[in-house]
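Subject: Structure handover

Hello,

Here is the structure I promised to pass on. My notes follow below it.

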Amino acid sequence: MTSSKRTTSDSPASRVRATGILPDARWCPSPNYGDRPGGTAISLLVVHNISLPPGQFGGDQIERFFCNRLDPSEHPYFETIAGLQVSAHLLIRRDGSVVQFVNLKDRAWHAGRSSFCGQEECNDYSIGIELEGADDVPYAQPQYHALARVASLIMAAWPEITQDRITGHSDIAPGRKTDPGPAFDWEHFRHRLAGH
Ligand SMILES: [Zn+2]
């Protein structure tokens, strides 16, 4: 483990690593999390998308879903996901604002059955970021901007997350998940990330 990026004890990255809380994120605590297995290093970033109902943006449905407060009678789709207990560490809204549901040091329930480079149970060692979106709808520029900013800070806090350890849900659960979908421009994101 390198400490080269933590030259001072009060750098933004060291504070994130110590607290597990992102500055500038709105805290919306979800009960859907657990401990990471002892000794598991945080070493992967997983990009997702979500919108509720699918393809509709805005509102507080995602936040209520991750906090087990979504009313199934509100929309037919909600009945199909009623009772699911899931979460992600972070959500980036269409306007680029960031909501945090789970402490980054804890294990959020975002990946499900999954595998990265032969290592299963990605939830154990990853941080999950949801983009408010849909597979085939172009993401908003403020989302790329916010994702690059947040990913850069998280990478500085946990240097085990290298450039090649940022992946999509579809890559760690192929055949089962499709997000963030073809609309997510990885090249554009990596270009933005390099600018940080
Ligand atoms: Zn996903």
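This is a predicted model: local features need pLDDT of at least 70, side-chain atom pairs count only at pLDDT 80 or more; totals for chains, interfaces and linings use all residues.

Arg93 touches Val99 and Glu132, leaving aside residues up to four places away in sequence. Arg93 sits in the loop between β4 (90-92) and β5 (98-100). Is Arg93 buried or exposed? Arg93 is buried, because 21 other C-beta atoms lie within 10 Å, and the cut-off for buried is 20 or more.

Ala140 itself belongs to the loop between β9 and α4. Ala140 counts as partly exposed, because it has 18 C-beta neighbours inside 10 Å. Ala140 and Asp95 are 45 residues apart along the chain, and their C-alpha atoms are separated by 7.3 Å.

**His48**

His48 lies in strand β3. His48 is buried, because 22 other C-beta atoms fall within 10 Å. What does His48 touch, not counting residues up to four places away in sequence? The list is Ala88, His110, Gly128, Ile129, Glu130, Leu131, His169, Asp179 and Pro180. One further distance concerns His48 and Ala183. They are 135 residues apart in sequence. In space they are 12 Å apart, C-alpha to C-alpha.

**Cis peptide bonds**

Asp179 and Pro180, both contacts of His48, are joined by a cis peptide bond. Omega there is near 10 degrees. Pro180 is in the loop between α5 (169-172) and α6.

Another cis bond joins Leu52 and Pro53. Its omega is about -10 degrees. Pro53 is placed in the loop between β3 (44-50) and α2 (61-66).

**Positive phi**

Which residue in the loop between α2 and α3 (76-81) deserves a look? It is Asn68. Asn68 is not a glycine, yet its phi is positive, at about 60 degrees. Asn68 counts as partly exposed, because it has 15 C-beta neighbours inside 10 Å.

Glu121 is not a glycine either, and has a positive phi of about 55 degrees. Glu121 is in the loop between β8 (119-120) and β9 (126-132). With 16 other C-beta atoms within 10 Å, Glu121 is partly exposed.

**Helix packing**

Two packed helices are described by the angle between their axes and the distance between the axes.

Take α1 with α4 first. On the α1 side, the contact is made by Pro12, Ala13, Val16 and Arg17. On the α4 side, the contact residues are Leu153, Ile154, Ala156 and Ala157. By class, the contact of α1 with α4 has 7 nonpolar residues, no polar ones and 1 charged.

Now α4 with α6. The crossing of α4 and α6 is right-handed. From α4, the contact uses Tyr144, His145, Leu147, Ala148, Ala151 and Ser152. From α6, the contact uses His188, Phe189, Arg192 and Leu193. The contact of α4 with α6 divides into 6 nonpolar, 3 polar and 1 charged residues.

**Annotation**

What does the UniProt record list for residues 30-181? The unreviewed entry gives "domain: N-acetylmuramoyl-L-alanine amidase" for that span. In the model, residues 30-181 are 22% helix and 20% strand. The end C-alpha atoms of the span lie 25 Å apart.

Best wishes

How values were computed
Residues are numbered from 1 along each chain as its sequence is written. UniProt positions are given in the numbering used here, feature names are shortened, and annotations may be inferred rather than shown by experiment. Helices (H or I, at least four residues) and strands (E, at least two) are DSSP runs, numbered from the N terminus. Two residues are in contact if their C-beta atoms, placed from the backbone, lie within 7 Å. Ala, Val, Leu, Ile, Met, Phe, Trp, Tyr, Cys and Pro count as nonpolar, Asp, Glu, Lys and Arg as charged, and the others, Gly among them, as polar. A crossing is left-handed if the near helix is turned anticlockwise from the far one by less than a right angle, and right-handed if clockwise. A residue is buried if 20 or more other C-beta atoms lie within 10 Å of its own, exposed if 12 or fewer, and partly exposed in between; C-beta atoms are placed from the backbone.
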